[in-house]
Amino acid sequence: MTTRDACDRKNKLCDIWYPTQLGTDAAKGGRRGYRHPVVSWANGTGQKPENYAYYLKHLASWGFIVVASQDTSTGNGATTEDAAKYVLKLGETSSSPFYGKVDAANVGAVGHSQGGAAVTSLHARLSPVFKTYVAFHTSPWFFSALCCKVTPSSYRKSNVTASIFQWTSTPDSGTSDWYDPVPDTAEKAFALLRYAVHADIQNGDRPDCARLGCVQGMYPYLGYSTAWLMWRLQASNDVAAAFRPRGEFLRSGSNWSRSASNIR
């Protein structure tokens with residue numbers, strides 16, 4: 001659904017994806033009275049939520065309420081934060097279908113490219129709204145400094161505790177430059193995709209490659225990012241084992257050139 005009124009300080013509308021049966025936890029036998037965690041999405045430069053529709057619908061299918069501002073220049077993450085607050089307010093509005101069905105204590109921020117820098121900026125600045133962060137193909141530091149007011153050095157002397165999962169590819173930096181500076185006060189993970197390229201996650205409503213230049217499509221992004229969010233926002237604590245030493249995420253596989261984690 002698309003909101004009828006603006007959801008952020010730039011007066012942009014929001015797109016929202018949500019489970020078919022709001023207030024029901026399908027993973028636990030249809031338990032009623034369930035409050036859904038929220039994921040706020042940040043677009044890459046010049047992109048709209050529709051460019052990521054498959055991924056965002058996928059998250060909703062796993063029990064999240066997913067909100068994405070139509071902002072195409074997400075900057076320091078202010079509109080991503082606004083969109084999350086918009087959904088939290090809907091959860092308190094009696095005329096809204098989301099009334100009483102939003103878990104305000106479990107909110108995450110996820111983004112791609114400039115959006116990855118936006119959520120990283122929110123993380124480094126200790127946003128009080130978000131509990132965890134996932135950043136896909138975060139923009140290089142020289143661009144992130146201009147667009148999003150964040151560089152790897154933003155973590156100097158930081159005491160950030162919120163968890164973050166950084167992803168990149170060889171055509172991007174090919175390094176863990178956004179992972180390494182995050183202090184160990186925060187649980188963190190890193191994935192260097194073996195074959196995917198910067199824009200593979202931008203396939204609209206299809207998981208496979210629908211345009212020239214795409215290599216793998218959305219498939220490499222789905223499993224572990226969803227598992228991370230389920231662990232951090234839905235208390236699926238069995239997921240943690242995958243990110244610990246000798247866990248499956250840290251084993252060599254077809255999707256990663258390198259993976260890392262400080263989780264014990």
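A charge sits over a ring if NZ of Lys or CZ of Arg is within 6 Å of the ring centre and within 35 degrees of the ring normal. With that in hand, look at R232 in this predicted model: R232 lies over the face of W231, at 3.7 Å from the ring centre. R232 also lies over the face of W228, here at 4.9 Å from the ring centre. Below is a short tour of the rings, cores, helix and loops.

**Aromatic pairs**

- The structure holds 24 aromatic pairs. The rings of F165 and F249 form one of them, edge-to-face because the planes stand at 90° and over 60 counts as edge-to-face; the ring centres are 5.5 Å apart.
- This pair joins distant parts of the chain, since F165 and F249 are 84 residues apart. F165 belongs to strand β8 (residues 163-169), while F249 sits in the loop between α6 (240-243) and β10 (256-261).
- Are F165 and F249 buried or exposed? Both are buried, and F249 has a relative accessibility of 0%.
- F249 has a further aromatic pair, with W256. That pair is edge-to-face too, with 5.3 Å from centre to centre and 65° between the planes.
- W256 has a relative accessible area of 6%, so W256 is buried.

**Nonpolar cores**

- In soluble globular proteins, nonpolar side chains tend to be buried together.
- The largest nonpolar core here has 39 residues, and Y55, F165, W167 and F243 touch the most other members.
- Which elements each supply at least two residues of this core? They are β4 (36-42), α1 (53-61), β5 (65-69), β7 (132-136), β8, β9, α5 and α6. The largest share, nine residues, comes from α5.
- F165 turns up again here: leaving aside neighbours within four places in sequence, F165 is in contact with residues including Y133, F190, Y224, W228, F243 and F249.
- Another core, of 37 residues, lies apart from the largest one. Its members include A84, L90, I164 and V182.

**The two sides of helix α4**

- Helix α4 (residues 141-148) has S144, C147 and C148 as its buried residues. These cover an arc of only 75° around the axis, so they lie on the same side of α4.
- What does that buried set pack against? The buried residues of α4 pack against α3 (114-124).
- On the other side of α4, F142 and L146 are exposed.
- After α4 comes K149, whose phi is positive, near 55°.

- N203 lies in the loop between β9 (188-193) and α5 (219-234). Its relative accessible area is 7%, and residues under 20% count as buried, so N203 is buried.
- The side chain of N203 reaches the backbone oxygen of D200 at 2.7 Å. Leaving aside neighbours within four places in sequence, N203 is in contact with several residues, among them N51, D208, R211 and M218.
- D184 is found in the loop between β8 and β9. Its relative accessibility is 63%, and over 50% counts as exposed, so D184 is exposed.
- The side chain of D184 makes a polar contact with the side chain of N262, at 3.0 Å.

How values were computed
Residues numbered from 1 in each chain as written. Predicted model: local features only at pLDDT ≥ 70, side-chain atom pairs only at ≥ 80, totals over all residues. Heavy atoms only, no water. Phe/Tyr/Trp six-rings, centres within 6.5 Å; stacked < 30°, edge-to-face > 60°. Helix = DSSP H or I, 4+ residues; strand = E, 2+ residues; numbered from the N terminus. Buried < 20%, exposed > 50% of the residue type's maximum accessible area, 1.4 Å probe, protein only. Polar contact = N/O pair within 3.5 Å; in protein donor to acceptor, adjacent residues only side chain to side chain. Contact = heavy atoms within 4.5 Å. Arc of directions from axis to C-beta. Core = buried A, V, L, I, M, F, W, Y, C linked by side-chain atoms within 4.5 Å.
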